[in-house]
Amino acid sequence: MRDTRCEEHSSYGLDNHGLYNLNDAYWNLNTPALYEQIIRRREGIMSHLGPLVLRTGHHTGRSANDKFIVEEPSTEKEIWWGKINRPFPADKFDDLHRRMDLHLQAQDVYVQDCYVGSSPQHRLPIRVISQYAWHNLFARNMFLQATPEELVKHVPEFTVIDAPKFHASPSSDGTNSETFIIVNFAKKLVLIGGTSYGGEIKKSIFSVMNYLMPMKDVLPMHCSANIGTDGNTALFFGLSGTGKTTLSADASKTLIGDDEHGWDEDGIFNFEGGCYAKLINLSPEAEPEIFETTRRFGTLLENVALDARTRRVDLMDATFTENTRGSYPISHIPNATRTGMGGHPKNIIFLSADAFGVLPPLAKLTKAQAMYHFLSGYTAKVAGTERGVTEPQPNFSTCYGAPFMPRHPQRYAELLGKKLDTHDVEAWIINTGWSGGPYGVGDRIKIPYTRAMVNAVLDGKLKDVPLEKEPFFGLQVPKHCPDVPDEILNPRNTWSNPADYDAQAQKLAKMFAENFKQYADQATPDILAAGPSA
């Protein structure tokens, strides 16, 4: 094996991960050097103005059914086992690891030594070993880069071995398919095989942080965060498509991060050093900061359509997938903080794209309601987004990030409740979905209105506005909001037939109640009482 390393590199070699007899091992290459490798190996194409366009094959999103956690004595009692956190035998993991190492023999690999967590107290040294050069650039974009001095002493506390060309044998390996993403907390190792989707690297390490941070009394969160001109921090929780990235990337605010954060005794800190934005239908008018990143050197564009002659991309084209993505360093956002940290939030906002047209565009939550909706993690799928979906479908995702939460949800909810009490935080829910009827009948709430609601919350303009309690979810709805028509604030008033609204609201309330049964054994009475009256 020939090591092709930067001048400063760790002496903690690849043999510590079972890797021997490799071809070339490229260590900590910078962005231009990785560009050269990607183009030389024909892994991607350079587009107009410099971004790289990549294809991920038939995996254009996460493979949720192929994710496992190794069941072993040191952690088995800490994991919330079930449909999301599925156990995997330790001996099967070891066999897969051995065969992956054999598969990589006589091949090139790329190594990035980096960190997760902007807080010096809580940052985790990690290593990403990848078969593709572009996956290494993805890791370089998404995680925090080490200084030359740190690289010399770098010893990873967690390692990802990523080999898309290696496939499992489900019949003998016990996987669900040839694809697998397996976390082993005892061995501090993640194995990824059979998928080229870059997001698996990012989210596997997020799962690791979600397991480790609660032991330090740190709340790990699937949220974006920014800082207002008054210095106050705000958090935005939401699933894909709810506006989490869009609403936090505001030119008038300082961005902390767009997706993964921790909340410790000092405030908020970003887990990452980059952003992974959804790009489909991105416009320079509605999302100017994110749009500009699609025209920058260093950005990776996953499954974005490209004109082969002009090399210009088309962000409106969903030929390959609706889930087109852009990975870029957070420094591509001009108003992003370089520290990755902010103070304790004054407001947290839960974003829900309600395709049933039921939830109010804006409502204030009590502490118990905040914990209820945090545990519920509600949004909705619209008709046509998946095969067989012909009408809105509820999508409940624990803590707005169920696939990445290894521990029991109540542990995260308790941490949230403690933070809300300690720092006197106000909680809100904003519906970025439909009004005046469900999807296909009503209209989606306009982004300028949503931005006005967010700004009103963060700027304290709703402090003296009277609130009206809506009857189905018990939410406190402001009667007025600057720059938003009063008539849309009460969702029932936007429906042509109020009785149809009532029936739809009762239907959604029952869905909430049915979903929450899984938490009833550990949820406190006040949280249980904070749910809708189904």
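**Close-up views of a predicted model**

View 1. N270 counts as buried because its relative accessibility is 2%, and buried means under 20%. Leaving aside neighbours within four places in sequence, N270 is in contact with G117, S118, I256, G257, E260, H261, I330 and G340.

View 2. The side chains of D259 and K202 meet in a salt bridge, at 2.7 Å from N to O. The pair links distant parts of the chain, 57 residues apart: D259 lies in the loop between β15 (254-257) and β16 (260-264), and K202 in helix α6 (residues 199-212). Both D259 and K202 are buried. A network of salt bridges links K202, K203, K244, D259, E260 and E272.

**View 3. The salt bridge between E78 and R407.** A salt bridge joins the side chains of E78 and R407, with an N to O distance of 2.9 Å. E78 sits in the loop between β5 (67-71) and β6 (87-89), and R407 in the loop between β27 and α10, so the pair ties together parts that are 329 residues apart in sequence. The relative accessible area is 40% for E78, which is partly exposed, whereas R407, with 6%, is buried.

View 4. D95 forms a salt bridge with R99, and their closest N and O atoms are 3.0 Å apart. The two residues are separated by about one helical turn, because D95 and R99 are four residues apart in helix α2 (residues 90-104). D95 is partly exposed, with a relative accessible area of 27%, and R99 is also partly exposed, with 21%.

**View 5. The largest nonpolar core and F350.** The largest nonpolar core has 76 residues, and those with the most contacts inside it are L235, F237, I348, I349, F350, F374 and F473. Beyond its neighbours within four places in sequence, F350 is in contact with F237, L365, A370, H373, F374, Y400, L416, W428, I429 and I430. Another core lies apart from it and has 45 residues, among them Y110, C114, F143 and F269.

**View 6. Helix α9 and the residue that follows.** Helix α9 (residues 367-376) is mostly covered, with nine of its 10 residues buried. Among the buried residues of α9 are A370, H373 and F374. Just after α9, G377 takes a positive phi of about 55°.

View 7. Most residues other than glycine have a negative phi. Phi of N28 is near 50°, a positive value. N28 is placed in the loop between β2 (24-27) and α1 (31-40), and at 9% relative accessibility N28 counts as buried. Y400 has a positive phi of about 60°. Y400 lies in the loop between β27 (393-396) and α10 (409-423) and is buried, with a relative accessible area of 1%.

**View 8. A nonpolar surface patch.** I39, M46 and F297 form a nonpolar patch on the surface, with about 240 Å² of accessible area together. M46 belongs to strand β3 (residues 44-46) and is partly exposed, at 33% relative accessible area.

**View 9. Confidence along the chain.** The protein averages a pLDDT of 94, and 96% of the residues score at least 70. Over residues 383-389 the pLDDT is below 50, and this stretch has seven contacts in the model beyond near neighbours in sequence.

Note on methods: Residues numbered from 1 in each chain as written. Predicted model: local features only at pLDDT ≥ 70, side-chain atom pairs only at ≥ 80, totals over all residues. Heavy atoms only, no water. Buried < 20%, exposed > 50% of the residue type's maximum accessible area, 1.4 Å probe, protein only. Core = buried A, V, L, I, M, F, W, Y, C linked by side-chain atoms within 4.5 Å. Contact = heavy atoms within 4.5 Å. pLDDT = per-residue confidence, 0-100. Patch = residues over 30% accessible without salt bridge, like charges linked within 9 Å, V, L, I, M, F, W, Y side chains within 5 Å. Areas by Shrake-Rupley, 256 points an atom, 1.4 Å probe, with all protein chains shown as cover. Salt bridge = Lys/Arg side-chain N within 4 Å of Asp/Glu carboxyl O.
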